[in-house]
Amino acid sequence: MAEVEKTTKTEEVTAKDAPKAKDDKKKASKANKPSFGARMKKFFKDNKSELHKVTWYSKKDTIKSTGLVIVVLVVASTAISLVDIGLNSLIMWIGSLV
């Protein structure tokens, strides 16, 4: 019975100390955190280094891709318009029967 009382007291003490431990961790992480300016400088430096790794398309490939996108857009919008007109006509025809 004495052992049970000891564990409950220990659990109570650790439960009371838990919020303090969390606050200490937050304070420690804030102390190790670099300043806003240093983080922004690192961000832009990393961004620039990543942009140097990018493989850019040539002007010719870009124009071809853009043309293809425009053609697909026109074809898709025409198809959707035709389906819309057809369904609209069908609904009007069914409505005229009633």
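Visitor: In which helix does Leu-97 lie?
Guide: Helices here are DSSP runs (H or I, at least four residues), numbered from the N terminus. This is a predicted model, where local features need pLDDT of at least 70, side-chain atom pairs count only at pLDDT 80 or more, and totals for chains, interfaces and linings use all residues. Residues are numbered from 1 along each chain as its sequence is written, and side-chain values use heavy atoms, with hydrogens and water left out. Leu-97 lies in helix H3.

Visitor: Is Leu-97 buried or exposed?
Guide: Buried means under 20% relative accessible area, exposed over 50%, partly exposed in between (1.4 Å probe, protein chains only). Leu-97 has 59% relative accessibility, so Leu-97 counts as exposed.

Visitor: Which element has the highest mean pLDDT?
Guide: pLDDT is the predictor's confidence in each residue, from 0 to 100. Helix H1 (residues 2-32) has the lowest mean, 61. Where pLDDT is low, the predicted coordinates should not be read in detail. The highest mean, 97, belongs to helix H3.

Visitor: How do the rings of Phe-43 and Phe-44 pair, and what is the geometry called?
Guide: Rings of Phe, Tyr and Trp (its six-membered ring) pair if their centres lie within 6.5 Å; planes under 30 degrees apart count as stacked, over 60 as edge-to-face and the rest as tilted. The whole structure holds 1 aromatic pair. Its ring centres, in Phe-43 and Phe-44, are 5.2 Å apart and the planes stand at 75°, so the pair is edge-to-face.

Visitor: What percentage of the residues count as buried?
Guide: Phe-43 is partly exposed at 46%. Phe-44 is partly exposed too, at 49%. Across the 98 residues of the chain, the buried share is 0%.

Technical notes. Helix = DSSP H or I, 4+ residues; strand = E, 2+ residues; numbered from the N terminus.
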